[in-house]
Amino acid sequence: MNRLKTLLKIAPAALALHLLLATPHLHAHAQPEGSLPAHGSTVSGSPNRIAVWFDYPMRLTLFEVSGPRGVVPLTQGPGRDALTRFETSPATPLSPGKYTVRWRGFAADGHVMADEIYFTVR
Amino acid sequence: MSTALSLLQPLLDLLAQTDGWTWLRVLVAAAFYASALVAVGGVCFGLVFGGNPALDQAAGLRTLVPAAAGVALALLLLQWPLQAGFLGGGTWAAAFDPGLLALVFDGATGQRLLLAGSGLLLLQAFWIVSGRWRGPAAAASLLGAALVLLAFTLVGHSTGAPRALLAVLLLLHLGAVAFWIGALIPLYRISGPPQLGEPAAHVLQRFGLVAAPVVAGLIVAGLWLAWRLLEGWSPLLHSAYGLVLLLKLAVLGLLLALAGLNRWLLVPALVAHAPRARQRLRASIGCEMLLVALILLLTAFLTTTTSP
């Protein structure tokens, strides 16, 4: 019991040590660093490539582009290997309108990640 | 009004993007946190404050710990297809897609599932923590509690370097959280029957003394983690993660106020046999439970829907 009380008393000191020693090493989960077309952008004509890239490896499980005519067929889907950049192309040219890229995947630290990117084709 | 709305915009955007499948994952994660921490904390409470047969019977930990661990195990297993389903676009077909299930099981998430599952199974031993089996059952339960806590360190920020140090200190942090949360139900139960007056008051006083440094450590660690993850205080007001975290800190503030009220007013009133002290203390502990549930829900929302 006394030993437990001592342990509980030193807990704040141990956490303060955590503060001092671990500060420079923490990092956030893998984040999307950019996309092509860029989020919120307007492009003239159908884009040849649609891509997303990350700051840490990501295993993509879903990469879906939808627009005025529903889900857009793509030439290549994600292969579920860990990657920092995924790139594909529309199977047919995109008609003018607003598009949403929806992706989901697994970050290296085990967290499930997801995001949506919007762009407009003029 | 418009300034307040613009401050809340990142959170409103996040809420608009959160689909039904994600809400289901949030609810299941929050329920898993709650049941696993009640089980782990219940073991700690029983081993630290147990020993009085009447109090032990009133606390009911021998049934509470295995029951909470059983619920946590079921929720842990449910998280597996829910995660696969989300990765596949939020459908039940994706939830039971063998490829996606294998993908989720492969790596840190699978290790977490195995470790936490083993720990929760071992926690069932608390059922027999009496008589000649007391020693082995207590050891198995403690091992189970340690495995469950260890499992939390396999996914997320603690996997960064230096991993060993982060994992050890995260274990300490989670142990303190479990100690606090796991004590609420037994404290509520033992403060009920009037015939337990003296021994119950003694445990309540001792808990207040032991919990003080634990809570102090939680505050230091929580504020520091928030500052590190957000890389300053500014994102607290300008990101969805920061806003949810701010909400969580506000609820934590209320929880600390209640804990202070219990320690410095309501428990001394109970010890002094003040009128209605017992009812007031139980009402306060009940409110603590509600606030803990809200904090766990916000934590689950934070870890499921967004990142710093």
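**Close-up views of a predicted two-chain model**

**View 1. The loop between H12 and H13 of chain B is the place of His273(B).** Helices (H or I, at least four residues) and strands (E, at least two) are DSSP runs numbered from the N terminus. This is a predicted model, in which local features need pLDDT of at least 70 and side-chain atom pairs count only at pLDDT 80 or more, while totals for chains, interfaces and linings use all residues. Residues are numbered from 1 along each chain as its sequence is written, with chains lettered from A and ligands numbered from 1 in the order in which they are written. Although His273(B) is not a glycine, its phi is positive, at about 60°. His273(B) counts as exposed because it has 10 C-beta neighbours inside 10 Å (buried means 20 or more other C-beta atoms within 10 Å, exposed 12 or fewer, partly exposed in between, with C-beta atoms placed from the backbone). Arg276(B) also lies in the loop between H12 and H13 of chain B, and here again a residue other than glycine has a positive phi, near 60°. With 9 other C-beta atoms within 10 Å, Arg276(B) is exposed.

**View 2. Helix H12 (residues 240–271) of chain B packs with helix H13 (residues 277–305) of chain B, their axes 9 Å apart and at an angle of about 165°.** H12(B) is therefore roughly antiparallel to H13(B). The contact of H12(B) with H13(B) comprises, by class, 25 nonpolar, 3 polar and 4 charged residues. Axes are lines fitted to C-alpha atoms, for helices over the stretch in contact, and angles run from 0 to 180 degrees between N-to-C directions; under 35 degrees is roughly parallel, over 145 roughly antiparallel, 65 to 115 roughly perpendicular and the rest oblique. In the residue classes, Ala, Val, Leu, Ile, Met, Phe, Trp, Tyr, Cys and Pro are nonpolar, Asp, Glu, Lys and Arg charged, and the others, Gly among them, polar.

**View 3. Helix H7 (residues 108–122) of chain B crosses helix H8 (residues 134–152) of chain B at roughly 155°, and the two axes come within 7 Å.** H7(B) and H8(B) are therefore roughly antiparallel to each other. On the H7(B) side, the residues making the contact include Arg112(B), Leu115(B), Ala116(B) and Ser118(B), and on the H8(B) side they include Ala140(B), Ser141(B), Leu143(B) and Gly144(B) (contact means C-beta atoms, placed from the backbone, within 7 Å). Sorted by class, the contact of H7(B) with H8(B) holds 11 nonpolar, 4 polar and 1 charged residues.

**View 4. Helix H4 (residues 61–87) of chain B and helix H6 (residues 98–105) of chain B pack with axes 9 Å apart, at an angle of about 115°.** This angle makes H4(B) roughly perpendicular to H6(B). H4(B) contributes Trp80(B), Pro81(B), Gln83(B), Ala84(B) and Leu87(B) to the contact, and H6(B) contributes Leu100(B), Leu101(B) and Val104(B). Of the residues in the contact of H4(B) with H6(B), 7 are nonpolar and 1 is polar, with no charged residue.

**View 5. Ala178(B) sits in helix H9 (residues 163–190) of chain B.** Because 25 other C-beta atoms lie within 10 Å, Ala178(B) is buried. Its contacts, leaving aside neighbours within four places in sequence, are with Leu37(B), Val40(B), Gly41(B), Cys44(B) and Leu149(B). Ala178(B) and Val292(B), which are 114 residues apart in sequence, have their C-alpha atoms 11 Å apart in space.

**View 6. Ser66(A) belongs to strand E3 (residues 50–67) of chain A.** Ser66(A) is partly exposed, with 14 other C-beta atoms within 10 Å. Beyond its neighbours within four places in sequence, Ser66(A) is in contact with Val71(A), Val72(A), Tyr99(A) and Thr100(A). A separation of 8.6 Å is found between the C-alpha atoms of Ser66(A) and Lys98(A), which are 32 residues apart along the chain.

**View 7. Leu36(A) and Pro37(A) are joined by a cis peptide bond, with omega about -10°.** Pro37(A) is in the loop between strand E1 (32–36) and E2 of chain A. Confidence in chain A is highest in strand E2 (residues 41–43), at 95, and lowest in helix H1 (residues 2–22), at a mean of 43 (pLDDT is the predictor's confidence in each residue, from 0 to 100). Over residues 6–29 of chain A pLDDT stays under 50, and for this stretch the model has 46 contacts beyond four places in sequence. Chain A has a mean pLDDT of 78, with 74% of its residues reaching 70 or more.

Key: Contact = placed C-beta atoms within 7 Å.
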